[in-house]
Amino acid sequence: MTTDLDQLRTDLLGSIEAAAGLDAVEAVRVQALGKQGVVTGLLKTLGGMSPEARQVEGPRIHALREAVTEALAARKAGLEKAALDARLASETIDMTLPVDGVPAGSVHPVSQVMDELAEIFADLGFAVATGPEIEDDWHNFTALNIPETHPARAMHDTFYFPREEDGSQKYLLRTHTSPVQIRTMVQDKPPIRIIAPGRVYRSDSDATHTPMFHQIEGLVIDKGITLGHLKWTLETFLKAFFERDDIVLRLRPSYFPFTEPSAEVDVGFTWQNGKRVIGGDPRKSDNGGWMEVLGSGMVHRKVIESCGLDPNEWQGFAFGTGVDRLAMLKYGMDDLRAFFDGDLRWLRHYGFSALDIPTLSGGVGA
Ligand code: PHE
């Protein structure tokens, strides 16, 4: 028995070592440990032995089974690693080669501008927040200090879902991305610094208005936030976005129910070849004027309170603007409707290559 076991061990370990592939390893496993396997057969003999004999043979047979099991696993792992190494060595791909024969799509200017905005605001420490396009009345209006009978609701005429049984109007297509500031303030603890880009809806339609368009809203809630922070943030953002240092801002007193005080933000432009080009100070030249680009203000105490925060502890500012409009101003399109017609000629002309480096890779202040 002794020599038999040693011989068997040498034979089995030898064939495992010699197994050239996973199939061969499996064949040795079946031959040794399968139902009819030799080692399995030896284990079965233990039952018929005298206790003395079993005490001697038991540990030897078990040790053999263990050695074979280990050797099988090691050989299997070795073969698998070799196969992977061979694949890695043979399957090299050059990711920098141009794609052949596949029509190249383009990035829509709205997507491009949203990416640019996310980059600029990321540099300033803002996170991107999102919310649902089907909003409820509370988030879109009431929490933003626009109660049921408020005239501002008429300016935000939108698409309403059927009334509830009690006659209330619960759901609508959001008219601005401001409900995302409510959702964020309700969910997160201040300090908050977010931008909320996304689709919004109003029942409007002409060359500069479409029933669906894109907005981006910014919100900062912290301690001791002032109008100065708002102005600096907007100036820094507009300089980075339009890639010009000579951006001049004018804050014009205005009214929004959710901000107090509120300001419309105008930016100076100059006429060049019959087009308005952002930049320059209209007070110092006859060849330009002011153009409204943003709504903004200090977040109203009532809004902060609606979200369960103490307005004596937390202040902040908010601003909102149209992404499509920013794209038109930066890239020179003049009809908003073309943005959503899906005309391939327009997309080829105004679209961006997916491999283009975003215009903002320089970052803020570069
Ligand atoms: N939500 C406003 C609108 O769509 C824009 C705005 C946002 C104004 C934040 C001020 C502050 O008209």
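## Close-up views of a predicted model

Figure 1. The structure is a predicted model, in which local features need pLDDT of at least 70, side-chain atom pairs count only at pLDDT 80 or more, and totals for chains, interfaces and linings use all residues. Residues are numbered from 1 along each chain as its sequence is written, and side-chain values use heavy atoms, with hydrogens and water left out. The side chain of Ser178 places an N or O atom 2.9 Å from a nitrogen atom of the ligand. An oxygen atom of the ligand lies 2.9 Å from a polar side-chain atom of Arg202, and an N or O atom in the side chain of Gln215 is 2.9 Å from an oxygen atom of the ligand. A polar contact is a pair of N or O atoms within 3.5 Å; within protein, one must be able to donate a hydrogen and the other to accept it, and residues adjacent in sequence count only if both atoms are side-chain atoms. The ligand taken alone exposes 320 Å², of which the protein buries 93%. Accessible areas come from the Shrake-Rupley method with a 1.4 Å probe, and for residues only the protein chains shown count as cover.

Figure 2. The domain assignment gives domain 1 (2-90) and domain 2 (109-350), the bounds coming from an automatic or database assignment. The C-alpha centres of domain 1 and domain 2 are 71 Å apart. Val110 belongs to helix α5 (residues 109-123); helices (H or I, at least four residues) and strands (E, at least two) are DSSP runs, numbered from the N terminus. Val110 is buried at a relative accessible area of 5%, where buried means under 20%, exposed over 50%, and partly exposed in between (1.4 Å probe, protein chains only). Although Val110 and Ala327 are 217 residues apart along the chain, 6.6 Å separates their C-alpha atoms.

**Figure 3. Salt bridges between separate elements.** A salt bridge is a side-chain nitrogen of Lys or Arg within 4 Å of a carboxyl oxygen of Asp or Glu, and by this rule the count comes to 20. Arg183 pairs with Asp136, their closest N and O atoms being 4.0 Å apart. Because Arg183 lies in helix α8 and Asp136 in strand β2, the pair ties together parts that are 47 residues apart in sequence. Arg183 is partly exposed at 21% relative accessibility, whereas Asp136 is buried at 15%. A salt bridge of 3.0 Å, N to O, links the side chains of Arg153 and Asp137. Arg153 lies in helix α7 and Asp137 in helix α6, so this pair ties together parts 16 residues apart in sequence; both Arg153 and Asp137 are buried.

Figure 4. Glu292 forms a salt bridge with Arg252, with 3.9 Å between the closest N and O atoms. Glu292 is in strand β9 and Arg252 in strand β6 (residues 249-256), so the pair ties together parts 40 residues apart in sequence. Glu292 is partly exposed at 39% relative accessibility, as is Arg252 at 30%. Through salt bridges that share partners, Arg250, Arg252, Asp266 and Glu292 are joined into one network.

**Figure 5. Backbone features.** Most residues other than glycine have a negative phi, and most peptide bonds are trans. Pro190 and Pro191 are joined by a cis peptide bond with omega of about 0°, and Pro191 is in the loop between α8 (179-187) and β4 (192-201). Another cis peptide bond, also with omega of about 0°, joins Glu260 and Pro261; Pro261 is placed in strand β7 (residues 259-272). Asn145, although not a glycine, has a positive phi of about 65°; Asn145 lies in the loop between α6 (137-140) and α7 (152-155) and is buried at 18% relative accessible area. Asn273 has a positive phi of about 50° and is exposed, with a relative accessible area of 84%.
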